[in-house]
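Here is a short briefing to read with the model open beside you. Take a look at the fold, and then we can walk through it together.

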Amino acid sequence: MTDVEELLLSRIRDVVDYPEPGVMFKDITPLLADPAAFTALTDAFAEIAERTGATKIVGLEARGFILGAPVAVRAGLGFIPVRKAGKLPGATLSQAYDLEYGSAEIEVHAEDLTADDRVLVVDDVLATGGTAEASIRLIHRAGAAVAGVAVLMELSFLDGRPRLQAALDGAPLEALLTV
């Protein structure tokens, strides 16, 4: 384990039985409150953006906004929020996806991505992969290419990685931590 991985992991708090019994929630607010850890995280994601040739960063609502925006600034790239349906004004593209119980929908402004863009998707956690997969579909529908997906933590026991492999079509999926 690298020094950065140890620092990041040391700032993630386990919360038992949240949001419901039997769930071990990974709380990143202590990491965000620590300037050294937040800077290390931002630098690591900015390195991935550079390595993948990204031209824009997409952040997934809501923690992906918190993580992705400083990465975009650090890397000198544009930031595009992918939001829950009905939250963006103007013309949007939307993508529905299945959840464990039910479905959800995300949207992006159609004009924010072009055929010249290579987009790095940034989020805090890869769980089942549903939201990330839907965001990849949105990016493709907007005509842009996916440079990759970068997450702080991959919850490997939820098998999100295999779900994303086909959608990524060879683009990397990088998790700074795997739990």
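**Strand pairing**

In this predicted model, T92 stands opposite H109 in β6. Strands here are DSSP E runs of at least two residues, and helices are H or I runs of at least four, both numbered from the N terminus.

- β5 and β6 pair in the antiparallel sense over eight bridges; pairing takes at least two DSSP bridges between two strands.
- β4 and β6 also run antiparallel, joined by two bridges, and K84 stands opposite I106 in β6.

**The chain overall**

- The chain holds six helices and nine strands.
- Its radius of gyration (over C-alpha atoms) is 16 Å, close to the 16 Å of the globule rule (2.2 Å times the number of residues to the power 0.38) for 179 residues, so the chain is as compact as a globular protein of that length.
- The C-alpha atoms fill a box of roughly 40 × 40 × 30 Å along the principal axes.
- Of the 179 residues, 42% are buried, meaning under 20% relative accessible area with a 1.4 Å probe, protein chains only.
- Among contacts (heavy atoms within 4.5 Å) between residues at least 6 apart in sequence, 61% join residues at least 24 apart.

**Reading notes**

- Residues are numbered from 1 along each chain as its sequence is written, and side-chain values use heavy atoms, leaving out hydrogens and water.
- Local features need pLDDT of at least 70 and side-chain atom pairs count only at pLDDT 80 or more, while totals for chains, interfaces and linings use all residues.

Conventions: Buried < 20%, exposed > 50% of the residue type's maximum accessible area, 1.4 Å probe, protein only.
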